[in-house]
Amino acid sequence: MSFANVVRRRLILLVFVVFGVSLVTFAISHMIPGDPARMMAGERASNEVVAHMRAVLGLDKPLAVQYLAYLRHLAQGDLGISILTQRPVLDDLVLFFPATIELAVAALLFAILLGVPLGVLSAIAKDRAVDQVTRTLSVTGISTPAFWLGLLLIYLFYGRLGIFPGSGRIDGPPPLHLTGFYTLDAALTGNWPALASALAHLFLPALTLGFVHLGIVTRQIRSAMLEVLQEDYVRTAKASGLSRAQIVLDHALRNALIPSVTMIGLAFGDLLYGAVLTETVFAWPGMGNYVVQSIAALDFPAIMGFTVVASTAYVLVNLAVDLTYMFLDPQIRAVG
Amino acid sequence: MSGAATDLALEVDGLIISYRRRGQTLRVVSDVSLEIRRGEAYGLVGESGCGKTTVAMAIMRYLPENAVVEAGRIVFAQSEDLLRASPAKLRALRGDRMAMVYQDPGSALNPSLTVGRQVAEVYEYHRGLSRRDAREAAQKMLRQVQISDPDRVVRRYPHELSGGQQQRIMFAMALATDPDLLVLDEPTTGLDATVEAEVLDLVAQLRAEFKTAILFISHNLGIVARLCERVGVLYAGRLIEEGPAQELFADPRHPYTLALLRCVPRLGMRKDSHRLDPIPGSLPPLGTAAINACVYAPRCPLARERCRAEPPPPYAVAAQRSTRCFFHEEVPAIAPSDRGAAQAVEANQPVLLEIEHLVKTYRSTGTAATVVADVSFAVRRGEVLGLVGESGSGKSSLAKCIVGLIEPTAGRIALDGATLSHAAAGRDPALRRELQMVFQNPDTALNPSHTVRHILGGAVRLLSGLREKAKVERRIAHLAASVRLRPQHLDLRPGALSGGLKQRVAIARAFAGAPRLVLCDEPTSALDVSVQAAILNLLAELQASQSVAYLFISHDLGVVRYLADRIAVMYLGEIVDIGPAASVFNPPHHPYTEALLSAMPAISEGERRARIKLHGTIPSPSNPPSGCRFHTRCPRYLGDICRDQVPPWQRDAAGHLYHCHIAPSDLARLQPAAGKQRTVEPRGAESKERS
Ligand SMILES: Nc1ncnc2c1ncn2[C@@H]1O[C@H](COP(=O)(O)OP(=O)(O)OP(=O)(O)O)[C@@H](O)[C@H]1O
Ligand code: SF4
Ligand code: SF4
Ligand SMILES: [Mg+2]
């Protein structure tokens, strides 16, 4: 299977996913009781006002017509106007989505950069002290509620020590908008004070969110390594007298990463959900707040927009996983 | 080579190794001592589980974690005691001065590194070469192990190479540093006979080039006889006999060695003239071998009081020869336990199975692979048709078409003149009963959660139509007795049985009805020789007593020669050679048959043939060569005629047909019979060099 083939397949899949997800969200959001037109117009508005509002929002048409209209707009990149903010949903998403992605990526990087070495260490020192400590750490990580850890970290690093900020994304004006990721934008424009501030703000939320995944990554790498270290080819490497580092890093880890990529990719999906909680604790202006408010206000266009974009992100993450997988595993590359 | 006793590459002295398992300490290697001189090839033979690999791993200092070396010394190059060497010292020795090649090259190579990288790594690490120099050195070494197209192969991943090529890569890695000692643990088991022969040729050539001492581990006596100067026979962790290979095999002085040799079907042995002589009983389970007695006593025909009271010391019976048997002088006189050979089936029986123009094509997106290409033959009642050929020649697909496990694409299959429908579901149940199959691996063929009684009972009800409980029970007992299962085995599950017993259950199941034709697909290739002998005897007896016919598929030509009445040779989906067993084995025969026979490992010089090498590997069935399908590899290739024209069937005087442009009279002149010609193999060269 060639890389191009995989990309093509995933993109075709994306169309179906977006269609399916939007259909389901559309159906559900119109089945739950509540009248957005009345909510917009206010409790005391007269029936005429509400009816007018309904017509403006297009809510008076049959459901199928509404859905088709939505799809038509969607195909043109128009996600509609948010009932709540009265701004195009797309603009809202462009504003909030990068914040969430930035947080999730930072958390994932933290989990991988620390988790892979810990997992390897734990596997080669199986049942020794390092392994015990690492295993305890990973169980703790997996079972610690994010909001609790977040509050603890805020109390410690912000409240007591005062070395990290406890809320928001940045102090002072944000860097020039290029990608919406503050750290990246600041680095690209050479705005060092903004970069420092963005990184400092990112630190605690990323640590909070990443801690759970650190446990998952460590555990996954450890068990994959233990399995691979039993393989005959590791025996060959040992019997040809290679150094321990070479055996572990070049021969074993490479093969242990192959099954781990899928695991870690799946975890990224969870990470997006986990971000919502973390954002609340750190007042991080991301999707989390936006979605919660939209749901409370029955803001259909916003909810639908979010769902469509989130599922697109999910498919793209899976594509990235597949490509990494193919890059690592020559046997997959050859098949088909 | 000097060969002085002081010039030792390896000395193992009084080695005792145990495995710890569930709190018990089980002894696997007991007091093994052996010496290998520089440049010498020493063969260690023995049945599965006797401790061969354990010895090899101990030498490489690479035992599993639960292994305990209780005593002994392993002295390398007359200086290091490996058992006391530091880890750093060991790392420097391993892969540099001593190297190992394993049984299964597929799993011994790292799947995610190119093979070039894996060979180059050894140079980088042990020779300190730069990445570039190492890559060049690796390419040069690949040329030395005779990989075709080494410049392309270096960039390949292991799964893109054939088994033979993978094993060559392993050899390249092992030889990269020109080691003093090479440990080969069953390096050809699992490879096709022709590939095996090539790898063995390679070992012999590399020996001449590199002058490396070799510890060659194998369960195959023929291979060891061909390749090694000296041999040690291991039984239940003890080295029971040792000596120069030819002498030891020609004149064994331990009852076990003798018994092992009598299990192997040799040249001139046929089911109707020679019964094979399996060893009664079985290996003692791990850790139960007697320490204060002769380990072989429970199975030995010469055993007496003394044998059960003290362990026999090594006796020097001739120059360089020793045996651990009190009564070694009596060994040559042990008579074969002749219980009479199976009766020959009368000739000229009516035809039972008829295959006409059978074709099987596997289709997948865009490609079509024709693995059985227009095959026709017949099997007579009570006849054994042996089917041989390299893996990928279509033997198993053909058998599966006949029993209806897969549907042929075209052609006719008839049993007793009645055409069988292609799908098993459309066949008359009575006909289905008459066709049974026995598979290579009894582990996967028997349901592990059922008792033997349950398995056989199900088959009896299904295949013989018996319903009444008492009758079914009687039939089960009868079946079990006919395959020599004991009544107590009936209540065990397959997991509790040895490989040989499991295969007996599988055979009993196939005979539950009254089959007329049993298709045996490599039924003994997963078994040890002594177990194989018993199964072959059993198959011969059942054939004679129930006049059942077999289509017997095997890559072991010795086994086929012993059991088959007629032989068909398949190449790339076609039958290229078919006829009475003796005439297929003797010239004139198809050039492919000739090459297959030359690859047969034989125990004695007299049985050996000149090695005929085939070029390359078997082509893909999705794109078979034009003209004669064998022309890309044929050592007797004539030129354009072979490439362009499909060869005709040629018939010789013995009623033997083959598919080739060369006429029988011409072929007869080209092809010498077995043993009539000096073998052109490096062992010959080696002994010349020594004299
Ligand atoms: N790690 C282990 N723990 C416990 N028992 C073991 C272990 N490895 C091997 N054994 C047992 O030790 C015995 C000797 O094993 P070994 O692999 O040395 O035999 P072998 O002669 O090489 O057999 P084969 O021909 O099947 O390769 C066998 O009974 C085997 O089941
Ligand atoms: S010592 Fe006794 S039991 Fe052992 S092999 Fe010799 S005769 Fe048989
Ligand atoms: S026809 Fe030609 S290529 Fe084919 S087997 Fe005969 S000699 Fe070889
Ligand atoms: Mg072994």
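This is a predicted model: local features need pLDDT of at least 70, side-chain atom pairs count only at pLDDT 80 or more; totals for chains, interfaces and linings use all residues.
## Domain arrangement in chain A

Chain A is divided into two domains: domain 1 covers residues 3–75 and domain 2 covers residues 89–335. To the contact between them, domain 1 of chain A contributes 21 residues and domain 2 of chain A contributes 19 residues. The C-alpha centres of these two domains of chain A are 32 Å apart.

About 1900 Å² is buried between domain 1 and domain 2 of chain A, and carbon and sulfur atoms give 84% of this area.

## Polar links and composition at the domain contact

One salt bridge is found across the interface of domain 1 and domain 2 of chain A. A salt bridge joins the side chains of Arg10(A) and Asp322(A), with an N to O distance of 2.6 Å. Between the two domains of chain A, one residue pair is in polar contact, counted with both residues at pLDDT 80 or more.

On the side of domain 1 of chain A that touches domain 2 of chain A, at least two residues each are supplied by helix H1 (3–31), helix H2 (36–41) and helix H4 (63–75) of chain A. H1(A) provides the largest share of that side, 13 residues. By class, this side of domain 1 of chain A holds 14 nonpolar, five polar and two charged residues.

## Interface of chains A and B

The contact between the chains draws 21 residues from chain A and 24 residues from chain B. The area buried between chain A and chain B is about 2100 Å², with 57% given by carbon and sulfur atoms. The interface of chain A and chain B has zero salt bridges. Eight residue pairs are in polar contact across the interface of chain A and chain B, both residues of each pair being at pLDDT 80 or more.

Three helices of chain A give two or more residues to the side that touches chain B: H10 (232–239), H11 (244–282) and H14 (330–334). The residues on this side of chain A divide into seven nonpolar, eight polar and six charged.

## Surroundings of ligand 1

Ligand 1 is surrounded by 15 residues, and the closest are Ser48(B), Gly49(B), Lys52(B), Thr53(B) and Thr54(B). An oxygen atom of ligand 1 lies 2.4 Å from a side-chain N or O atom of Thr54(B). For Lys52(B), the distance from a side-chain N or O atom to an oxygen atom of ligand 1 is 2.8 Å. The side chain of Arg21(B) has an N or O atom 3.2 Å from a nitrogen atom of ligand 1.

Around ligand 2 are His254(B), Pro255(B), Cys294(B), Ala297(B), Cys300(B), Leu302(B), Ala303(B), Cys307(B), Pro312(B), Cys325(B), Phe326(B) and Phe327(B). This shell has 11 nonpolar residues, one polar residue and no charged residues.

Ligand 3 is surrounded by His590(B), Pro591(B), Cys628(B), Phe630(B), His631(B), Cys634(B), Arg636(B), Cys642(B), Pro647(B), Cys660(B), His661(B) and Ile662(B). The shell around ligand 3 comprises eight nonpolar residues, three polar residues and one charged residue.

Notes
Residues are numbered from 1 along each chain as its sequence is written. Chains are lettered from A and ligands numbered from 1 in the order in which they are written. Side-chain values use heavy atoms; hydrogens and water are left out. Domain bounds come from an automatic or database domain assignment. Contact means heavy atoms within 4.5 Å. Buried area is the accessible area (1.4 Å probe) that two parts lose on being put together, summed over both. A salt bridge is a side-chain nitrogen of Lys or Arg within 4 Å of a carboxyl oxygen of Asp or Glu. A polar contact is a pair of N or O atoms within 3.5 Å; within protein, one must be able to donate a hydrogen and the other to accept it, and residues adjacent in sequence count only if both atoms are side-chain atoms. Helices (H or I, at least four residues) and strands (E, at least two) are DSSP runs, numbered from the N terminus. Ala, Val, Leu, Ile, Met, Phe, Trp, Tyr, Cys and Pro count as nonpolar, Asp, Glu, Lys and Arg as charged, and the others, Gly among them, as polar. A residue is near a molecule or strand if one of its heavy atoms lies within 4 Å of it.
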